[in-house]
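Let us read a model together, feature by feature.

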Amino acid sequence: MSHSADSAARAEAAYHAMQADLAVTGFGLEPALRPLLARALDRKIALNRAFAQAQAAGLARGFQHFIATLGGIVHAPADA
């Protein structure tokens, strides 16, 4: 999946589905932990969007390549 042309879009959709499920069900987590997961998903979405940009620019052959070569310089906002 991470090498396909639509991998970033598929991941984006999955992260948003997880956010929606978290809002409705809480994933069975204690209420105090839910905001932590929400922030982690926000950061994953930001990283995935950076991957999509790198992939579109021809700078990343897949997600693993992106992380190994460019991912260390991409950061989501700390308070996202």
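The dialogue below goes from confidence and fold to cores, aromatic pairs, salt bridges and a loop.

Q: Where do I start, and how far does the predictor trust this chain?
A: Start with confidence. This is a predicted model. The chain has a mean pLDDT of 86, and 84% of its residues reach 70 or more.

Q: Which elements have the lowest and the highest mean pLDDT?
A: Among the elements of the chain, H3 is lowest, with a mean of 88. Helix H1, residues 7–25, is highest at 95.

Q: What is the pattern of the chain along the sequence?
A: The pattern is α-α-α. The chain has three helices and zero strands. H2 covers residues 34–56, and H3 covers residues 63–69.

Q: How do I read contacts by sequence separation, and what share join residues at least 24 apart?
A: Take the contacts between residues at least 6 apart in sequence. Of these, 52% join residues at least 24 apart.

Q: What do burial and surface figures say about the chain as a whole?
A: Of its 80 residues, 26% count as buried. The chain exposes about 5,100 Å². Carbon and sulfur atoms supply 63% of that area.

Q: How do I read a nonpolar core, and which residues make up the largest one?
A: In soluble globular proteins, nonpolar side chains tend to be buried together. Here the largest nonpolar core has seven residues. They are Ala8, Leu47, Ala50, Phe51, Ala54, Ala60 and Phe66. H2 gives the largest share of this core, four residues.

Q: What other core lies apart from it?
A: Another core, of five residues, lies apart from the largest one. Its members include Ala11, Tyr15, Leu41 and Ile45.

Q: How many aromatic pairs does the structure hold, and how do I read one?
A: The structure holds three aromatic pairs. For each, look at the centre distance and the angle between the planes. Take Phe51 and Phe66: their centres are 5.7 Å apart, with 55° between the planes. Planes under 30 degrees apart count as stacked and over 60 as edge-to-face, so an angle in between counts as tilted. The Phe51–Phe66 pair is tilted.

Q: Which parts does the Phe51–Phe66 pair tie together?
A: Phe51 is in helix H2 and Phe66 is in helix H3, so the pair links parts that are 15 residues apart in sequence. Both Phe51 and Phe66 are buried.

Q: Where does Phe63 come in, and what is its pair with Phe66 like?
A: Phe63 and Phe66 also form a tilted pair, at 6.2 Å centre to centre and 40° between the planes. Both lie in helix H3, three residues apart, about one turn of the helix. Phe51, Phe63 and Phe66 form one aromatic cluster.

Q: Now charges: how many salt bridges does a search of the whole structure find?
A: Side chains of opposite charge can pair when their charged atoms come close. The search finds two salt bridges. In one, the side chains of Arg10 and Asp6 meet at 3.8 Å, N to O. Arg10 is partly exposed at 42% relative accessibility, and Asp6 is partly exposed at 38%.

Q: What does the bridge between Glu12 and Arg49 tie together?
A: The side chains of Glu12 and Arg49 meet at 2.6 Å, N to O. Glu12 sits in helix H1 and Arg49 in helix H2, so the bridge joins parts 37 residues apart in sequence. Glu12 is buried, with a relative accessible area of 17%. Arg49 is partly exposed, at 45%.

Q: How do I read backbone angles, and what is the phi of Phe27?
A: Most residues other than glycine have a negative phi. Phe27 is not a glycine, yet its phi is positive, about 55°. Phe27 is in the loop between H1 and H2. At 34% relative accessibility, Phe27 is partly exposed.

Q: Which residues does Leu29 touch, not counting those up to four places away in sequence?
A: Leu29 touches Arg34 and Leu37 on that count. Leu29 is placed in the loop between H1 and H2. At 28% relative accessibility, Leu29 counts as partly exposed.

Key: Residues numbered from 1 in each chain as written. Heavy atoms only, no water. Phe/Tyr/Trp six-rings, centres within 6.5 Å; stacked < 30°, edge-to-face > 60°. Helix = DSSP H or I, 4+ residues; strand = E, 2+ residues; numbered from the N terminus. Buried < 20%, exposed > 50% of the residue type's maximum accessible area, 1.4 Å probe, protein only. pLDDT = per-residue confidence, 0-100. Contact = heavy atoms within 4.5 Å. Core = buried A, V, L, I, M, F, W, Y, C linked by side-chain atoms within 4.5 Å. Areas by Shrake-Rupley, 256 points an atom, 1.4 Å probe, with all protein chains shown as cover. Salt bridge = Lys/Arg side-chain N within 4 Å of Asp/Glu carboxyl O.
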